[in-house]
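Hello,

Here is the structure we talked about handing over. Please open it and keep it beside this email as you read.

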Amino acid sequence: MNLPVHRIIPFSNVEGIGNRTSIFVQGCNSNCLYCHNSETIPMTSKDSKLYSIEELLDVIKNQMPFIRGITISGGEPTLYHEFLIELFKEVHKLGLTCYIDANGFFDYESLLPLIDETDKFLFDIKGLGQSLNDLCFSDSLGNINHLAKNASNRFGVEDEHLKNLELLLKRKKIEEVRFVYLKNFYDTSKVIDEIYNLLRQYPDVLFKVIRMHTRGLPKERLKLLKGSFPSTSDFDEIKSYIEAKGFKTLKFIE
Ligand code: SF4
């Protein structure tokens, strides 16, 4: 069993609590227009490399004195749930924690064995209802990802996305919820209200709001997102709305 890995960052302090080794998988079931890792979306790439569990453990052990755990990001880690269960079992034996940065588009029941083995999830919220189709499963980018359409058919309704978050919250498996703010794709206050309704009972869960920026985005994505990049004053406005809601643990990334 092997895992397609696009890159490994030995030390990261933005992928969950503490210093962590971040492993970015190749392949995603979404196709977010604003994706800053769009090179990780195709299921295969000449820039990715297959790793066995033993090879990844060697990388992780090299960082052992300096890290608190590992975070699997991507791409979408949950596509590789069977591999990750086995990897996490081994990593736990080293006394390290295992996190997943997930997009929320997965079948909860099939993932239960992985959920049990995962310490915490960092969970992305990407909008609601039709905005998911427009933003995450848009085919305006062509056939970059053949899984996008299937995912859209399965998860293109708001309930699935938020239901998975709710179930993970109940199991105390969420460390942070991330929301990339951009304009023109959704009713922002409605999205914020939905997130607040879920997080209000979990004051320790961090709500991280990120202003979408243009840096590193490929030209074709920039074109499709024209007019959607929030200015600092747009962001200030949404910050005020969020602050007034009463989220207990909150962080804004400009
Ligand atoms: S979920 Fe979206 S933002 Fe994350 S890697 Fe996939 S396409 Fe990119």
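Predicted model: local features only at pLDDT ≥ 70, side-chain atom pairs only at ≥ 80, totals over all residues.

Residues are numbered from 1 along each chain as its sequence is written, and side-chain values use heavy atoms, with hydrogens and water left out.

Helices (H or I, at least four residues) and strands (E, at least two) are DSSP runs, numbered from the N terminus. Strand β2 covers residues 20–25, and six of its six residues are buried (under 20% relative accessible area with a 1.4 Å probe, protein chains only; exposed is over 50% and partly exposed is in between). In a regular strand the side chains alternate between the two faces of the sheet. In β2, Arg-20, Ser-22 and Phe-24 point one way, and Thr-21, Ile-23 and Val-25 point the other way.

Two strands pair if DSSP finds at least two bridges between them. β2 pairs with strand β1 (residues 2–12) in the antiparallel sense over five bridges, and Val-25 of β2 stands opposite Val-5. β2 also pairs with strand β4 (residues 69–73), in the parallel sense and over five bridges. There, Ser-22 has Thr-71 as its bridge partner.

Thr-97 lies in strand β5 (residues 97–102). It is partly exposed because its relative accessible area is 24%. Helix α2 (residues 81–93) and helix α3 (residues 108–117) pack at an angle of about 15°, with their axes 9 Å apart. Axes are lines fitted to C-alpha atoms, for helices over the stretch in contact, and angles run from 0 to 180 degrees between N-to-C directions. α2 and α3 are therefore roughly parallel (under 35 degrees; over 145 is roughly antiparallel, 65 to 115 roughly perpendicular and the rest oblique).

Helix α7 (residues 188–199) and helix α9 (residues 232–245) pack at about 25°, with their axes 11 Å apart. That makes α7 roughly parallel to α9.

Regards
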